[in-house]
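Have the viewer open as you read.

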Amino acid sequence: MKAIETVLRSVTLFGGLIGVLCIVGLMVLTVVTVVFRFMGIAFPGTYVLAELLLIPSVSFSLAYAAWRGAHTRVELFIERLGPRLAGPIDAAMMALGTVFWFFVAFAGAREAIQRGAEGEMTMLLDIPVWPFRWLMVAAIALFCLVLLFQAVRALRGLPVAAQAEREDFSE
Amino acid sequence: MTPVLVGFVGLGVMFALIVLGMPIGFAMGLVGFLGFWALVSFNAAVVKVGVVTFDLSTNYAIGTIPLFLFMAHVLFASGIGRDLYDFAARWLGRQRGGLAMATIGASSGFAAVSASSLATTATMGLVALPEMRKHNYDVSLASGSVAAGGTIGSLIPPSGMFIIYGILTETSIGAMFAAGIVPGILLALFYMVTIAIVCRLNPAAGPRGPAYPLREKLASLGKTGEVILLFALVMGGILLGWFTPTEAGAVGAFGAVVIATARRRLTWAAARHAIYATLRTTGMIFGILFGAFMFNSFVTVTTIPLNIVGFVTESGFPPFAVLLLILAVYFVLGMVLDASAMMTLTVPLFFPLVTQLGFDAVLFGVLVVRMTEIALITPPVGMNVYVLSGIARDIPLNKIFRGTLPFVIADFCHVALLLAFPILVLWLPGL
């Protein structure tokens, strides 16, 4: 369990780093575009690049938020239950919730295979889109693994949030 | 089963899952996917979920979310909350209840660079609450003003709630930002008047603070000058058509980095904290948005929104009464759901009806955000109150809720004013 936690943590933080770099990249790219536009110089295709940068930013942020226990939930009812009941319910909800994200990853993979075979390219810049589609699939798959790991933790009666709090100091 | 019945069953299952603690976006997504599968086909559901999530991830407009969040987190790390409060306290603190008014003023200032009510409450809870307690303010008034001041965060742009509403309804995010400015300023004034009335009725609730010489007051202005300029650049840029909201977010974030660096407050640790906090909040928001978009697809095929529109238009209810009823539903839902969940759940159901009845999409957006914000300071799920309670653990929850009561009354007066004079909302976006 500890080994899985270490690996998952490293991969999630690495994914988070990719997301972070993409957000910073998006900021710099957009500012440069705006500044040059004011100088009368246009870079065609920067919108396309920005859209591609958004894919890893958004998809890796999901896994990172899950690792930190940040996904919004109503705890009004569950808090009133004893830990013996709350743990299994928490685990079941987390595992059930993963089903949706599994289908997101599955649909993304199917689309990536199909579009990749068609040779999908972006407009203007002719950048292949398939690597970004697979990046999204990988990030959502990681997200699913994090959720399942948290479900197991909850089933064992371990608090998922405590994990998140520790991360505050290790980032 | 008819599609409408499947829709209502789906809604029931989703609420059950949410109550049992499933993250809100996951419950919406799961029910949306399974419902779509039941009503159309498995293959269609898989295609839909793939298209919806990829399109959302590559929507240029959603770049506003991480970029404005980054701007707020960087400024937060640079200690702007403290500077804004010091500035407001020096100018208003001498009045009776002045430090509470300063809290509202600083909350408004912080709202101008923050996209979140909770962040505004947390910041002012750390900065303003100890000051008010030091000056023997009534605990209820002090905590109530911090919690209520936080709600201004979602009204004064940039606002995360406006961005989510804009994405959900395809309403211009720039127009939503512009629409929030006048109501946001008015709300701050309403809150200040509320504090003045409370202190008039009970002068001991908010004793006068120390007086400051003019030189010190002007010096405090200097500390907040760059942030005021940044807000003017970002919002002015959107209103004047220089930038799209996404570009404004990037310029704002970049400006925040420049300001924090110039102030020598952007340490490596602070920068790292800011960017990772941005990533975490982005993930939290998209966890809900992905689910909400799948859920919306399901709701559309159930034909529930069409049936609601048909029922209401055929029944001959006055449109204004329908709008009031919808706002009342928000107030009730706000007692058990958090703001973003309430918006993503209900807007797909109500938006077609409201626009069909002839109400402006921007006006409805502002009213929805107002109602979801009132929910942040009303029991039992008043998130701002819980955030504050986490900061000031010695103040009982009921005291904070009691303190927010006068502000809730002010909130209803404010909503009534916006309903009576929609021009207050629509004037700026219409320019």
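## Ground rules

This is a predicted model, so to speak of local features we need pLDDT of at least 70, side-chain atom pairs count only at pLDDT 80 or more, and totals for chains, interfaces and linings use all residues. Residues are numbered from 1 along each chain as its sequence is written, chains are lettered from A and ligands numbered from 1 in written order, and side-chain values use heavy atoms, leaving out hydrogens and water.

On chain A, the residues A:V28, A:V32, A:V35, A:M39, A:I41 and A:F43 make a nonpolar surface patch of about 490 Å². (Patch residues have over 30% relative accessible area and no salt bridge; nonpolar side chains are joined within 5 Å, like charges within 9 Å. A salt bridge puts a Lys or Arg side-chain nitrogen within 4 Å of an Asp or Glu carboxyl oxygen. Areas are Shrake-Rupley values with a 1.4 Å probe.) A:F43 sits in the loop between α1 (2-38) and α2 (46-67) of chain A. (Helices are DSSP runs of H or I, at least four residues, numbered from the N terminus.)

Chain B has a positive patch built from B:R94, B:R96, B:R200 and B:R208. (Lys and Arg count as positive, and an Arg charge is placed at CZ.)

## On the inside

B:Y191, in helix α10 of chain B, has a relative accessible area of 0%, so it counts as buried (under 20%; exposed is over 50%, partly exposed in between). Its contacts beyond four places in sequence include B:I104, B:R370 and B:F407 (heavy atoms within 4.5 Å).

B:T372 belongs to helix α17 (residues 361-374) of chain B and is buried too, at 0%. Beyond four places in sequence, B:T372 touches B:M161, B:Y330, B:A339 and B:M342.

Methods
Helices (H or I, at least four residues) and strands (E, at least two) are DSSP runs, numbered from the N terminus. Buried means under 20% relative accessible area, exposed over 50%, partly exposed in between (1.4 Å probe, protein chains only).
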